[in-house]
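Q: Please walk me through reading a model like this one. Start with a single residue.

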Amino acid sequence: YAGYNLLIKVSASHVPAAATSTIAATICLQIAALATSILFVSVAMMRGGQVLQLTPAAYVWAGAAGLCIGGAEIAYFYLFGGIGALKPMAANVVIPTVVSGTIVIAAVAAYVIFGERLVPIQFAGVGCIILGVLLLHFG
């Protein structure tokens, strides 16, 4: 995951100033991810004993997750590439903000949506993450 984050930054740093979109880089990333999945399933199938059929709900939720990651990839390229009115942002701010933000969102969703229990020390941890992200932006 660190390689994913850092290599998007490197790719976005090669976006020409005249570019109006980074969608082609996003599509390239998704094709490479698909190729990795195809290679993985091919090796698993050659080894045998694989059951690949999932429930319809598993496919629906996986598709929804794919929509989220696709949107995140597009946003990353825009943040790092400085498309339009945006100036390119530093990896040492964007990546920790996004990764930490996902931790906060996941913790809140687990508590609110899934009814999972969070103890006070976990709430304090979420608060520390939010404080840490704020400090990154003030630096």
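**Reading contacts and burial**

A: Contact means heavy atoms within 4.5 Å. Beyond its neighbours within four places in sequence, Asn5 is in contact with Tyr76, Phe80, Ile95 and Val99. This is a predicted model: local features need pLDDT of at least 70, side-chain atom pairs count only at pLDDT 80 or more, and totals for chains, interfaces and linings use all residues. Residues are numbered from 1 along each chain as its sequence is written, and side-chain values use heavy atoms, with hydrogens and water left out.

Q: Is Asn5 buried or exposed?

A: Buried means under 20% relative accessible area, exposed over 50%, partly exposed in between (1.4 Å probe, protein chains only). Asn5 counts as buried because its relative accessibility is 2%.

Q: With which side chain does the side chain of Asn5 make a polar contact?

A: A polar contact is a pair of N or O atoms within 3.5 Å; within protein, one must be able to donate a hydrogen and the other to accept it, and residues adjacent in sequence count only if both atoms are side-chain atoms. Here the partner is the side chain of Tyr76, at 2.3 Å.

Q: Which residues form the largest nonpolar core?

A: A nonpolar core is a set of buried Ala, Val, Leu, Ile, Met, Phe, Trp, Tyr and Cys residues joined through side-chain atoms within 4.5 Å. The largest has nine residues: Ile8, Ala12, Leu29, Tyr76, Phe77, Phe80, Ala91, Val94 and Ile95.

Q: What does Val94 contact, leaving aside its neighbours within four places in sequence?

A: Val94 is in contact with Tyr76, Leu79, Phe80 and Met89.
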